[in-house]
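Please read these points with the sequence and the structure side by side.

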Amino acid sequence: MNDMFSQTNKPIHGRGVRQYKREQRGSNMGDVTGLFVFLLTFLVGRTDGIEPSSGYCIGTQCFTVFHHASDFTAAQDRCRDQGGHLMTVRSSVSHDILSILLGNLTGRYWVGLHLATGCPDSAAELRGFTWVTEDSESDFFNWPPGLDSSCSSPRCVSVSQEDEFQWIPEPCREHLAGFLCEYSFSDPCKGLAVAPGESVTYRTPMGFVGEDVLSLPPGSTAVRMPAETKYVCFTEQWLQAPWSCEIHEGGCEYRCAANPKNEPVCFCPTGQTVNPKNNVTCEVTDADDPCAALRCAHACYRDGDSHACLCGHGFKLAQDGRSCVDVNDCGDKRQCPGENFMCVNSVGGFQCVCEDGYMARGGLCLEVDECVSAPCEHICANTPGSYDCSCYDGYKEDPKSPNKCVLHCGKEECVAECDPNNRYECYCPDGYVASGETQVVCIDMDECSFEQCDQRCKNTFGSYVCSCFPGYTLVGEVTCVHTEGDTDGGSEGSGEGTTPSVPTTSAAPPPDPTRRPSAVSAGGLAGIIVCTVFSILLVLFLAHRILNGRGKMESRGALKAAEEEAHGLQRVTRDA
(Lines give C-alpha, C1' and ligand atoms only; values in the text may rest on other atoms or scores of the structure.)
Protein backbone atom coordinates (compact mmCIF):
# COMPACT_ATOMS: atom_id res chain seq x y z
CA MET A 1 0.00 0.00 0.00
CA ASN A 2 0.98 3.66 -0.25
CA ASP A 3 2.93 4.99 2.74
CA MET A 4 0.81 8.11 2.92
CA PHE A 5 -2.84 7.35 2.40
CA SER A 6 -5.57 4.82 1.76
CA GLN A 7 -9.34 4.84 2.06
CA THR A 8 -10.72 2.11 4.31
CA ASN A 9 -14.42 2.77 4.73
CA LYS A 10 -17.28 4.81 3.30
CA PRO A 11 -16.46 7.76 0.99
CA ILE A 12 -16.95 11.40 1.83
CA HIS A 13 -20.24 12.97 0.81
CA GLY A 14 -20.06 14.44 -2.69
CA ARG A 15 -20.08 18.19 -3.22
CA GLY A 16 -22.11 20.31 -5.62
CA VAL A 17 -20.57 22.59 -8.23
CA ARG A 18 -20.68 25.60 -5.90
CA GLN A 19 -19.61 23.81 -2.71
CA TYR A 20 -16.08 24.27 -1.46
CA LYS A 21 -14.12 23.53 1.69
CA ARG A 22 -11.14 25.22 3.19
CA GLU A 23 -8.63 22.85 4.74
CA GLN A 24 -5.53 24.99 4.63
CA ARG A 25 -4.88 27.99 6.85
CA GLY A 26 -2.36 30.81 7.08
CA SER A 27 -0.22 31.51 4.04
CA ASN A 28 -1.61 28.59 2.06
CA MET A 29 -5.09 30.09 2.37
CA GLY A 30 -3.83 33.42 1.05
CA ASP A 31 -2.00 31.78 -1.87
CA VAL A 32 -5.13 30.21 -3.31
CA THR A 33 -7.63 33.02 -2.62
CA GLY A 34 -7.12 34.74 -5.96
CA LEU A 35 -7.26 31.47 -7.87
CA PHE A 36 -10.32 30.39 -5.91
CA VAL A 37 -12.22 33.61 -6.77
CA PHE A 38 -11.19 33.32 -10.43
CA LEU A 39 -12.51 29.77 -10.66
CA LEU A 40 -15.68 30.67 -8.76
CA THR A 41 -16.62 33.01 -11.59
CA PHE A 42 -16.66 30.18 -14.12
CA LEU A 43 -18.02 27.47 -11.83
CA VAL A 44 -21.03 29.58 -10.87
CA GLY A 45 -21.64 30.50 -14.50
CA ARG A 46 -21.75 26.86 -15.62
CA THR A 47 -24.43 25.72 -13.18
CA ASP A 48 -26.88 25.33 -16.09
CA GLY A 49 -24.70 22.51 -17.49
CA ILE A 50 -23.90 24.20 -20.84
CA GLU A 51 -20.34 23.46 -21.93
CA PRO A 52 -18.52 25.08 -24.89
CA SER A 53 -18.07 23.03 -28.03
CA SER A 54 -14.49 24.25 -28.41
CA GLY A 55 -12.21 27.12 -27.48
CA TYR A 56 -8.96 28.88 -28.20
CA CYS A 57 -6.62 30.98 -26.04
CA ILE A 58 -3.97 33.46 -27.13
CA GLY A 59 -2.10 36.01 -25.02
CA THR A 60 -4.43 37.05 -22.20
CA GLN A 61 -7.68 36.16 -23.97
CA CYS A 62 -9.73 33.02 -24.49
CA PHE A 63 -12.57 32.51 -26.96
CA THR A 64 -15.24 29.80 -26.82
CA VAL A 65 -18.06 28.69 -29.08
CA PHE A 66 -21.35 27.39 -27.67
CA HIS A 67 -23.52 25.30 -29.95
CA HIS A 68 -26.72 26.20 -28.09
CA ALA A 69 -29.73 27.89 -29.71
CA SER A 70 -30.22 31.36 -28.17
CA ASP A 71 -31.37 34.85 -29.02
CA PHE A 72 -28.92 37.75 -28.73
CA THR A 73 -29.85 38.80 -25.17
CA ALA A 74 -29.75 35.24 -23.77
CA ALA A 75 -26.37 34.66 -25.45
CA GLN A 76 -24.91 37.83 -23.92
CA ASP A 77 -26.27 36.87 -20.49
CA ARG A 78 -24.65 33.42 -20.65
CA CYS A 79 -21.29 34.89 -21.59
CA ARG A 80 -21.57 37.49 -18.83
CA ASP A 81 -22.52 34.85 -16.24
CA GLN A 82 -19.19 33.15 -16.94
CA GLY A 83 -17.21 36.36 -16.51
CA GLY A 84 -16.96 37.24 -20.20
CA HIS A 85 -19.02 38.80 -22.98
CA LEU A 86 -19.99 38.06 -26.58
CA MET A 87 -16.93 37.94 -28.81
CA THR A 88 -15.68 41.19 -30.37
CA VAL A 89 -14.12 40.82 -33.82
CA ARG A 90 -12.22 44.10 -33.90
CA SER A 91 -8.94 42.82 -35.43
CA SER A 92 -7.75 40.49 -38.17
CA VAL A 93 -6.40 38.17 -35.43
CA SER A 94 -9.83 37.72 -33.87
CA HIS A 95 -11.26 37.24 -37.39
CA ASP A 96 -8.79 34.36 -37.93
CA ILE A 97 -9.90 32.84 -34.61
CA LEU A 98 -13.43 32.68 -36.03
CA SER A 99 -12.21 30.30 -38.72
CA ILE A 100 -10.53 28.16 -36.04
CA LEU A 101 -13.66 27.94 -33.88
CA LEU A 102 -16.31 27.70 -36.62
CA GLY A 103 -14.32 25.97 -39.36
CA ASN A 104 -16.17 22.67 -38.92
CA LEU A 105 -19.55 24.07 -37.84
CA THR A 106 -22.56 25.15 -39.86
CA GLY A 107 -25.18 27.69 -38.88
CA ARG A 108 -25.13 31.30 -37.69
CA TYR A 109 -23.56 32.38 -34.39
CA TRP A 110 -23.98 35.60 -32.43
CA VAL A 111 -21.02 37.95 -31.89
CA GLY A 112 -20.91 41.03 -29.65
CA LEU A 113 -21.91 43.72 -32.17
CA HIS A 114 -25.32 45.41 -32.10
CA LEU A 115 -27.20 48.64 -32.75
CA ALA A 116 -28.43 49.67 -29.31
CA THR A 117 -30.22 52.88 -30.28
CA GLY A 118 -30.97 55.02 -33.32
CA CYS A 119 -30.72 54.07 -36.97
CA PRO A 120 -27.77 52.66 -38.97
CA ASP A 121 -25.23 55.19 -40.21
CA SER A 122 -24.00 54.09 -43.62
CA ALA A 123 -21.19 56.68 -43.51
CA ALA A 124 -19.61 55.30 -40.31
CA GLU A 125 -17.22 52.34 -40.41
CA LEU A 126 -19.23 50.45 -37.79
CA ARG A 127 -22.50 51.71 -39.37
CA GLY A 128 -23.55 53.18 -36.00
CA PHE A 129 -23.23 49.76 -34.31
CA THR A 130 -21.26 49.28 -31.07
CA TRP A 131 -19.57 46.36 -29.37
CA VAL A 132 -21.19 44.91 -26.24
CA THR A 133 -18.25 46.42 -24.36
CA GLU A 134 -19.99 49.78 -25.09
CA ASP A 135 -17.30 51.11 -27.41
CA SER A 136 -16.84 51.39 -31.16
CA GLU A 137 -13.06 50.88 -31.36
CA SER A 138 -12.18 48.54 -34.21
CA ASP A 139 -9.30 47.98 -36.66
CA PHE A 140 -11.25 45.49 -38.73
CA PHE A 141 -14.57 45.68 -40.61
CA ASN A 142 -16.35 42.95 -42.51
CA TRP A 143 -19.80 44.19 -43.55
CA PRO A 144 -21.48 42.54 -46.53
CA PRO A 145 -22.19 44.73 -49.58
CA GLY A 146 -25.61 46.39 -49.91
CA LEU A 147 -26.27 46.68 -46.17
CA ASP A 148 -29.82 47.80 -45.27
CA SER A 149 -29.57 51.20 -43.58
CA SER A 150 -33.24 51.71 -42.78
CA CYS A 151 -34.35 52.27 -39.18
CA SER A 152 -36.35 49.01 -39.31
CA SER A 153 -33.33 46.90 -40.31
CA PRO A 154 -32.05 44.10 -37.99
CA ARG A 155 -29.96 45.36 -35.08
CA CYS A 156 -27.76 42.39 -33.97
CA VAL A 157 -24.88 40.71 -35.80
CA SER A 158 -24.05 37.09 -36.55
CA VAL A 159 -21.26 35.28 -38.42
CA SER A 160 -21.15 31.92 -40.17
CA GLN A 161 -18.80 29.82 -42.27
CA GLU A 162 -21.32 29.89 -45.12
CA ASP A 163 -21.09 33.71 -45.32
CA GLU A 164 -17.28 33.70 -44.96
CA PHE A 165 -17.65 35.21 -41.47
CA GLN A 166 -19.09 38.48 -42.78
CA TRP A 167 -21.07 40.58 -40.29
CA ILE A 168 -24.70 39.82 -41.07
CA PRO A 169 -27.38 41.82 -39.20
CA GLU A 170 -30.09 39.63 -37.70
CA PRO A 171 -33.28 40.28 -35.69
CA CYS A 172 -32.11 40.22 -32.07
CA ARG A 173 -34.92 37.88 -31.01
CA GLU A 174 -33.96 35.28 -33.61
CA HIS A 175 -32.76 31.95 -32.15
CA LEU A 176 -29.51 31.14 -33.94
CA ALA A 177 -27.39 27.99 -33.78
CA GLY A 178 -25.16 29.35 -31.03
CA PHE A 179 -22.84 32.14 -29.89
CA LEU A 180 -19.18 32.99 -29.23
CA CYS A 181 -17.82 34.29 -25.93
CA GLU A 182 -14.65 36.20 -25.08
CA TYR A 183 -12.74 36.24 -21.75
CA SER A 184 -9.81 38.30 -20.51
CA PHE A 185 -7.37 37.36 -17.74
CA SER A 186 -3.88 38.04 -16.38
CA ASP A 187 -0.89 35.94 -15.29
CA PRO A 188 -1.29 33.24 -17.97
CA CYS A 189 0.73 30.02 -18.07
CA LYS A 190 2.58 28.77 -21.13
CA GLY A 191 2.26 25.17 -22.24
CA LEU A 192 4.33 22.55 -20.39
CA ALA A 193 7.43 21.13 -21.99
CA VAL A 194 6.76 17.69 -23.50
CA ALA A 195 9.43 14.99 -23.70
CA PRO A 196 9.44 12.33 -26.39
CA GLY A 197 6.75 9.74 -25.70
CA GLU A 198 4.78 12.16 -23.52
CA SER A 199 1.59 14.13 -24.14
CA VAL A 200 -0.19 16.85 -22.15
CA THR A 201 -3.93 17.53 -22.15
CA TYR A 202 -5.17 20.89 -20.87
CA ARG A 203 -8.57 21.90 -19.49
CA THR A 204 -9.46 25.55 -18.97
CA PRO A 205 -11.88 27.00 -16.38
CA MET A 206 -14.15 27.86 -19.33
CA GLY A 207 -14.69 24.15 -19.84
CA PHE A 208 -12.94 23.32 -23.12
CA VAL A 209 -10.11 20.79 -23.52
CA GLY A 210 -7.12 20.87 -25.87
CA GLU A 211 -3.52 19.81 -26.41
CA ASP A 212 -2.03 22.43 -28.73
CA VAL A 213 -2.56 25.47 -26.50
CA LEU A 214 -0.26 28.51 -26.50
CA SER A 215 -1.54 30.33 -23.42
CA LEU A 216 -3.75 29.22 -20.54
CA PRO A 217 -5.62 31.21 -17.86
CA PRO A 218 -5.11 30.65 -14.12
CA GLY A 219 -7.07 27.66 -12.89
CA SER A 220 -6.35 25.59 -15.99
CA THR A 221 -5.28 22.02 -15.30
CA ALA A 222 -2.85 19.79 -17.18
CA VAL A 223 -2.40 16.00 -17.19
CA ARG A 224 0.92 14.61 -18.36
CA MET A 225 0.75 11.10 -19.79
CA PRO A 226 1.69 8.33 -19.31
CA ALA A 227 2.76 9.21 -15.74
CA GLU A 228 -0.70 10.79 -15.04
CA THR A 229 0.85 13.62 -13.07
CA LYS A 230 -1.44 16.63 -12.74
CA TYR A 231 -0.76 20.37 -12.58
CA VAL A 232 -2.73 23.58 -12.06
CA CYS A 233 -1.86 27.01 -13.48
CA PHE A 234 -1.29 29.65 -10.80
CA THR A 235 0.37 33.07 -11.36
CA GLU A 236 2.31 32.06 -14.48
CA GLN A 237 3.55 28.77 -13.03
CA TRP A 238 2.36 25.19 -12.84
CA LEU A 239 1.81 23.62 -9.40
CA GLN A 240 1.94 19.83 -9.20
CA ALA A 241 -0.87 17.94 -7.50
CA PRO A 242 -1.95 17.55 -4.83
CA TRP A 243 -2.56 21.26 -4.45
CA SER A 244 -5.18 23.03 -2.29
CA CYS A 245 -8.22 20.82 -1.80
CA GLU A 246 -10.43 23.81 -2.60
CA ILE A 247 -9.39 23.72 -6.26
CA HIS A 248 -10.69 20.75 -8.22
CA GLU A 249 -10.38 18.41 -5.21
CA GLY A 250 -6.63 19.05 -5.10
CA GLY A 251 -6.21 17.23 -8.41
CA CYS A 252 -6.89 13.92 -6.64
CA GLU A 253 -8.56 11.13 -8.57
CA TYR A 254 -10.88 10.37 -5.65
CA ARG A 255 -10.77 12.75 -2.67
CA CYS A 256 -8.50 15.34 -1.07
CA ALA A 257 -7.81 16.04 2.61
CA ALA A 258 -5.36 17.93 4.79
CA ASN A 259 -3.00 16.02 7.06
CA PRO A 260 -2.15 17.27 10.58
CA LYS A 261 0.46 19.56 9.02
CA ASN A 262 -2.24 21.18 6.85
CA GLU A 263 -0.66 19.71 3.72
CA PRO A 264 -3.06 18.56 0.96
CA VAL A 265 -2.95 14.82 0.35
CA CYS A 266 -5.04 12.43 -1.75
CA PHE A 267 -6.79 9.26 -0.62
CA CYS A 268 -8.70 6.53 -2.38
CA PRO A 269 -11.81 4.36 -1.85
CA THR A 270 -11.77 1.09 0.07
CA GLY A 271 -9.45 -1.49 -1.46
CA GLN A 272 -7.30 1.07 -3.25
CA THR A 273 -4.35 3.27 -2.38
CA VAL A 274 -2.65 6.36 -3.81
CA ASN A 275 -0.08 5.76 -6.56
CA PRO A 276 3.31 6.81 -5.07
CA LYS A 277 4.58 7.89 -8.50
CA ASN A 278 2.10 10.71 -9.01
CA ASN A 279 0.38 11.00 -5.56
CA VAL A 280 -3.07 11.52 -7.13
CA THR A 281 -4.30 8.37 -8.89
CA CYS A 282 -5.57 5.22 -7.17
CA GLU A 283 -4.41 1.62 -7.52
CA VAL A 284 -5.34 -1.73 -5.97
CA THR A 285 -4.21 -2.16 -2.34
CA ASP A 286 -1.94 -5.00 -1.18
CA ALA A 287 -3.60 -7.77 0.82
CA ASP A 288 -1.84 -6.80 4.07
CA ASP A 289 -3.46 -3.37 4.41
CA PRO A 290 -2.57 -2.01 7.89
CA CYS A 291 -5.45 0.51 7.66
CA ALA A 292 -8.11 -2.19 7.51
CA ALA A 293 -7.97 -2.86 11.26
CA LEU A 294 -8.44 0.85 12.09
CA ARG A 295 -11.91 1.00 10.46
CA CYS A 296 -11.44 4.70 9.65
CA ALA A 297 -14.55 6.55 8.53
CA HIS A 298 -12.70 8.30 5.68
CA ALA A 299 -9.00 7.50 5.33
CA CYS A 300 -5.80 6.68 7.14
CA TYR A 301 -2.22 7.86 6.75
CA ARG A 302 1.19 6.73 7.89
CA ASP A 303 2.32 8.46 11.08
CA GLY A 304 5.93 7.38 11.67
CA ASP A 305 5.95 3.63 12.25
CA SER A 306 2.16 3.43 12.69
CA HIS A 307 -1.02 4.52 10.96
CA ALA A 308 -3.84 6.83 12.06
CA CYS A 309 -7.24 7.89 10.75
CA LEU A 310 -7.80 11.14 8.93
CA CYS A 311 -10.89 12.96 7.66
CA GLY A 312 -11.52 14.52 4.31
CA HIS A 313 -11.62 18.32 4.01
CA GLY A 314 -14.78 19.73 5.48
CA PHE A 315 -14.67 17.26 8.38
CA LYS A 316 -12.67 16.79 11.57
CA LEU A 317 -11.71 13.67 13.48
CA ALA A 318 -14.08 12.75 16.30
CA GLN A 319 -12.92 11.81 19.81
CA ASP A 320 -13.05 8.10 19.00
CA GLY A 321 -10.14 8.60 16.59
CA ARG A 322 -11.87 7.10 13.56
CA SER A 323 -15.24 8.86 13.01
CA CYS A 324 -15.56 12.15 11.18
CA VAL A 325 -17.87 15.07 12.00
CA ASP A 326 -18.77 18.05 9.84
CA VAL A 327 -17.04 21.39 10.35
CA ASN A 328 -19.19 24.53 10.15
CA ASP A 329 -17.09 26.51 7.70
CA CYS A 330 -19.51 29.42 7.83
CA GLY A 331 -18.23 30.18 11.32
CA ASP A 332 -15.17 31.62 9.58
CA LYS A 333 -16.17 35.14 8.49
CA ARG A 334 -13.59 35.03 5.71
CA GLN A 335 -15.74 32.61 3.76
CA CYS A 336 -17.70 34.08 0.85
CA PRO A 337 -16.04 37.50 1.14
CA GLY A 338 -17.78 39.05 -1.87
CA GLU A 339 -20.31 41.83 -1.37
CA ASN A 340 -23.89 40.57 -0.94
CA PHE A 341 -22.70 36.95 -0.66
CA MET A 342 -23.78 34.73 2.20
CA CYS A 343 -22.38 31.41 3.40
CA VAL A 344 -24.59 28.33 3.75
CA ASN A 345 -23.00 25.38 5.51
CA SER A 346 -23.60 21.84 4.25
CA VAL A 347 -22.30 18.41 5.15
CA GLY A 348 -18.66 18.33 4.11
CA GLY A 349 -18.78 21.70 2.43
CA PHE A 350 -20.45 25.07 2.17
CA GLN A 351 -22.16 27.17 -0.46
CA CYS A 352 -21.56 30.78 -1.39
CA VAL A 353 -24.96 32.08 -2.45
CA CYS A 354 -26.40 35.52 -3.05
CA GLU A 355 -28.51 37.20 -0.42
CA ASP A 356 -32.23 37.60 -1.02
CA GLY A 357 -32.90 40.18 -3.70
CA TYR A 358 -29.57 39.57 -5.47
CA MET A 359 -28.54 37.24 -8.28
CA ALA A 360 -25.20 35.75 -9.32
CA ARG A 361 -23.72 37.18 -12.50
CA GLY A 362 -20.10 37.14 -13.57
CA GLY A 363 -18.92 35.99 -10.13
CA LEU A 364 -20.73 38.89 -8.42
CA CYS A 365 -24.04 39.20 -6.60
CA LEU A 366 -25.92 41.98 -8.36
CA GLU A 367 -29.10 43.57 -7.12
CA VAL A 368 -32.32 42.45 -8.76
CA ASP A 369 -34.89 45.13 -9.60
CA GLU A 370 -37.97 43.25 -8.41
CA CYS A 371 -40.22 46.05 -9.69
CA VAL A 372 -39.50 44.91 -13.26
CA SER A 373 -41.79 41.92 -12.67
CA ALA A 374 -44.59 44.26 -11.44
CA PRO A 375 -45.17 42.63 -8.03
CA CYS A 376 -47.26 45.57 -6.77
CA GLU A 377 -50.77 46.41 -7.89
CA HIS A 378 -50.16 50.19 -7.73
CA ILE A 379 -46.73 51.67 -6.89
CA CYS A 380 -43.46 49.71 -6.58
CA ALA A 381 -40.25 51.20 -5.12
CA ASN A 382 -37.09 49.13 -5.52
CA THR A 383 -34.87 48.90 -2.41
CA PRO A 384 -31.49 47.20 -1.82
CA GLY A 385 -32.29 43.48 -1.85
CA SER A 386 -36.06 44.00 -1.76
CA TYR A 387 -38.95 46.30 -2.76
CA ASP A 388 -41.83 48.28 -1.19
CA CYS A 389 -45.44 48.49 -2.39
CA SER A 390 -47.70 51.52 -1.87
CA CYS A 391 -51.11 52.68 -3.07
CA TYR A 392 -52.54 55.66 -4.93
CA ASP A 393 -54.59 58.29 -3.10
CA GLY A 394 -58.01 56.97 -2.11
CA TYR A 395 -56.64 53.44 -1.59
CA LYS A 396 -54.93 51.58 1.20
CA GLU A 397 -52.92 48.39 1.50
CA ASP A 398 -55.03 45.25 1.49
CA PRO A 399 -54.39 43.65 4.92
CA LYS A 400 -54.87 40.19 3.42
CA SER A 401 -52.45 40.80 0.53
CA PRO A 402 -49.84 43.55 1.14
CA ASN A 403 -48.98 43.90 -2.55
CA LYS A 404 -52.59 44.77 -3.46
CA CYS A 405 -54.75 47.84 -2.78
CA VAL A 406 -58.39 48.41 -1.84
CA LEU A 407 -60.53 51.55 -1.93
CA HIS A 408 -60.38 53.62 1.26
CA CYS A 409 -62.30 56.67 2.51
CA GLY A 410 -61.64 57.08 6.25
CA LYS A 411 -64.42 59.63 6.78
CA GLU A 412 -68.18 59.85 6.59
CA GLU A 413 -68.41 60.86 2.93
CA CYS A 414 -66.07 60.64 -0.07
CA VAL A 415 -66.35 61.15 -3.82
CA ALA A 416 -66.96 57.83 -5.58
CA GLU A 417 -64.56 56.46 -8.17
CA CYS A 418 -66.50 56.30 -11.45
CA ASP A 419 -65.72 54.75 -14.81
CA PRO A 420 -64.77 57.65 -17.13
CA ASN A 421 -66.51 55.85 -19.98
CA ASN A 422 -69.69 55.11 -18.06
CA ARG A 423 -70.78 57.61 -15.41
CA TYR A 424 -73.32 55.14 -14.06
CA GLU A 425 -70.57 52.69 -13.06
CA CYS A 426 -69.26 54.02 -9.77
CA TYR A 427 -67.43 52.28 -6.97
CA CYS A 428 -67.23 52.80 -3.23
CA PRO A 429 -65.10 51.23 -0.48
CA ASP A 430 -66.53 48.40 1.59
CA GLY A 431 -69.05 49.70 4.10
CA TYR A 432 -70.11 52.66 1.93
CA VAL A 433 -73.08 53.17 -0.40
CA ALA A 434 -73.18 55.32 -3.53
CA SER A 435 -75.58 58.26 -3.69
CA GLY A 436 -76.24 61.14 -6.09
CA GLU A 437 -76.74 61.62 -9.81
CA THR A 438 -74.57 64.47 -11.13
CA GLN A 439 -71.77 63.70 -8.66
CA VAL A 440 -71.85 60.31 -7.02
CA VAL A 441 -70.54 60.22 -3.48
CA CYS A 442 -69.88 57.36 -1.08
CA ILE A 443 -71.74 57.63 2.23
CA ASP A 444 -70.78 55.56 5.24
CA MET A 445 -73.28 52.79 5.94
CA ASP A 446 -74.42 52.24 9.54
CA GLU A 447 -74.01 48.48 9.75
CA CYS A 448 -75.25 48.54 13.35
CA SER A 449 -78.78 49.25 12.08
CA PHE A 450 -78.77 45.76 10.57
CA GLU A 451 -78.13 44.15 13.98
CA GLN A 452 -74.80 42.64 12.96
CA CYS A 453 -73.64 42.15 16.55
CA ASP A 454 -75.06 39.91 19.28
CA GLN A 455 -75.16 42.65 21.89
CA ARG A 456 -73.36 45.98 21.46
CA CYS A 457 -72.38 47.56 18.14
CA LYS A 458 -70.32 50.67 17.36
CA ASN A 459 -70.36 52.00 13.82
CA THR A 460 -66.99 53.01 12.29
CA PHE A 461 -66.09 54.49 8.91
CA GLY A 462 -66.52 51.64 6.47
CA SER A 463 -67.14 48.99 9.12
CA TYR A 464 -68.31 48.36 12.70
CA VAL A 465 -67.04 46.93 16.00
CA CYS A 466 -68.91 44.51 18.25
CA SER A 467 -68.62 44.25 22.04
CA CYS A 468 -70.42 42.41 24.81
CA PHE A 469 -72.23 43.09 28.06
CA PRO A 470 -70.43 42.39 31.32
CA GLY A 471 -70.16 38.65 31.94
CA TYR A 472 -69.86 37.81 28.24
CA THR A 473 -66.89 37.21 25.92
CA LEU A 474 -66.76 38.12 22.25
CA VAL A 475 -66.19 35.11 19.97
CA GLY A 476 -65.74 35.31 16.22
CA GLU A 477 -66.01 39.14 16.26
CA VAL A 478 -69.84 39.17 16.42
CA THR A 479 -71.02 36.50 18.89
CA CYS A 480 -71.17 36.96 22.67
CA VAL A 481 -70.75 33.88 24.86
CA HIS A 482 -71.53 33.83 28.58
CA THR A 483 -68.33 33.73 30.62
CA GLU A 484 -67.99 30.37 32.37
CA GLY A 485 -68.19 30.60 36.16
CA ASP A 486 -69.79 34.07 36.11
CA THR A 487 -73.13 33.62 37.94
CA ASP A 488 -73.97 37.21 38.89
CA GLY A 489 -73.22 38.84 35.58
CA GLY A 490 -69.71 39.83 36.61
CA SER A 491 -68.44 43.22 37.60
CA GLU A 492 -69.31 46.31 35.65
CA GLY A 493 -67.41 46.48 32.37
CA SER A 494 -65.99 42.94 32.51
CA GLY A 495 -67.09 42.28 28.97
CA GLU A 496 -65.70 45.47 27.44
CA GLY A 497 -62.20 44.10 26.99
CA THR A 498 -63.31 41.71 24.26
CA THR A 499 -63.54 44.24 21.46
CA PRO A 500 -61.58 42.98 18.43
CA SER A 501 -58.38 44.84 17.62
CA VAL A 502 -59.45 45.49 14.04
CA PRO A 503 -62.88 46.31 12.65
CA THR A 504 -64.85 43.47 11.21
CA THR A 505 -65.88 43.49 7.59
CA SER A 506 -69.33 44.56 6.55
CA ALA A 507 -72.18 42.12 6.03
CA ALA A 508 -71.70 42.21 2.27
CA PRO A 509 -68.97 39.81 1.02
CA PRO A 510 -65.69 41.62 0.23
CA PRO A 511 -64.72 41.86 -3.45
CA ASP A 512 -61.63 40.38 -5.05
CA PRO A 513 -58.76 42.73 -4.03
CA THR A 514 -57.40 42.73 -7.58
CA ARG A 515 -60.65 44.24 -8.91
CA ARG A 516 -62.62 47.32 -8.09
CA PRO A 517 -64.93 46.81 -5.12
CA SER A 518 -68.59 46.24 -5.90
CA ALA A 519 -71.04 49.12 -5.20
CA VAL A 520 -74.60 50.33 -5.74
CA SER A 521 -74.83 52.37 -8.94
CA ALA A 522 -76.93 55.52 -9.25
CA GLY A 523 -79.55 53.63 -11.29
CA GLY A 524 -79.70 50.89 -8.69
CA LEU A 525 -80.25 53.44 -5.93
CA ALA A 526 -83.19 54.94 -7.90
CA GLY A 527 -84.71 51.46 -8.15
CA ILE A 528 -84.41 51.00 -4.40
CA ILE A 529 -86.21 54.32 -3.79
CA VAL A 530 -89.06 53.40 -6.21
CA CYS A 531 -89.52 50.04 -4.48
CA THR A 532 -89.60 51.73 -1.08
CA VAL A 533 -92.25 54.28 -2.19
CA PHE A 534 -94.35 51.49 -3.70
CA SER A 535 -94.19 49.53 -0.44
CA ILE A 536 -95.33 52.60 1.56
CA LEU A 537 -98.26 53.21 -0.82
CA LEU A 538 -99.31 49.58 -0.53
CA VAL A 539 -99.30 49.80 3.26
CA LEU A 540 -101.41 53.01 3.15
CA PHE A 541 -103.88 51.40 0.77
CA LEU A 542 -104.35 48.38 3.01
CA ALA A 543 -104.76 50.58 6.07
CA HIS A 544 -107.44 52.64 4.26
CA ARG A 545 -109.38 49.52 3.34
CA ILE A 546 -109.30 48.25 6.89
CA LEU A 547 -110.46 51.55 8.30
CA ASN A 548 -113.29 51.77 5.74
CA GLY A 549 -114.47 48.27 6.63
CA ARG A 550 -114.47 49.12 10.31
CA GLY A 551 -116.54 52.30 9.62
CA LYS A 552 -119.16 50.40 7.69
CA MET A 553 -119.54 47.87 10.48
CA GLU A 554 -120.04 50.63 13.02
CA SER A 555 -122.70 52.32 10.79
CA ARG A 556 -124.66 49.10 10.48
CA GLY A 557 -124.65 48.68 14.28
CA ALA A 558 -125.94 52.22 14.85
CA LEU A 559 -128.76 51.77 12.31
CA LYS A 560 -129.86 48.55 13.93
CA ALA A 561 -129.92 50.20 17.33
CA ALA A 562 -132.08 53.03 15.98
CA GLU A 563 -134.53 50.58 14.48
CA GLU A 564 -134.84 48.70 17.77
CA GLU A 565 -135.44 51.97 19.61
CA ALA A 566 -138.24 52.92 17.18
CA HIS A 567 -139.91 49.57 17.62
CA GLY A 568 -139.78 50.07 21.38
CA LEU A 569 -141.52 53.43 21.13
CA GLN A 570 -144.26 51.92 18.97
CA ARG A 571 -144.94 49.24 21.58
CA VAL A 572 -145.12 51.84 24.34
CA THR A 573 -147.70 53.87 22.32
CA ARG A 574 -149.93 50.84 21.69
CA ASP A 575 -149.85 49.92 25.33
CA ALA A 576 -150.87 53.44 26.28
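Which residue with a positive phi follows α2?

1. The model is a predicted one, and in it α2 is followed by G83, whose phi is positive, near 85°. At the N-terminal end of α2 the cap is provided by D71, a side-chain oxygen of which lies 3.4 Å from the backbone nitrogen of T73.

2. Helix α2 spans residues 72-81, and its buried residues are F72, A75, Q76 and C79. Because these residues cover an arc of only 95° around the axis, they are on the same side of α2.

3. As for what covers the buried residues of α2, the elements involved include β5 (85-86), β6 (109-114), β8 (156-159) and β10 (178-184).

4. Helix α4 covers residues 522-575 and contains I536, which together with L537 and L540 makes a nonpolar surface patch of about 310 Å². I536 counts as partly exposed because its relative accessibility is 49%, a value that falls between the 20% limit for buried and the 50% limit for exposed residues.

5. Taken as a whole, the protein chain has 4 helices and 42 strands, and 39% of its 576 residues count as buried. Among contacts with a separation of 6 or more, 54% are between residues 24 or more positions apart. The accessible surface of the protein chain comes to about 31,300 Å², with 52% of that area belonging to carbon and sulfur atoms.

Notes
Residues numbered from 1 in each chain as written. Predicted model: local features only at pLDDT ≥ 70, side-chain atom pairs only at ≥ 80, totals over all residues. Heavy atoms only, no water. Helix = DSSP H or I, 4+ residues; strand = E, 2+ residues; numbered from the N terminus. Buried < 20%, exposed > 50% of the residue type's maximum accessible area, 1.4 Å probe, protein only. Contact = heavy atoms within 4.5 Å. Areas by Shrake-Rupley, 256 points an atom, 1.4 Å probe, with all protein chains shown as cover. Patch = residues over 30% accessible without salt bridge, like charges linked within 9 Å, V, L, I, M, F, W, Y side chains within 5 Å. Salt bridge = Lys/Arg side-chain N within 4 Å of Asp/Glu carboxyl O. Arc of directions from axis to C-beta. Polar contact = N/O pair within 3.5 Å; in protein donor to acceptor, adjacent residues only side chain to side chain.
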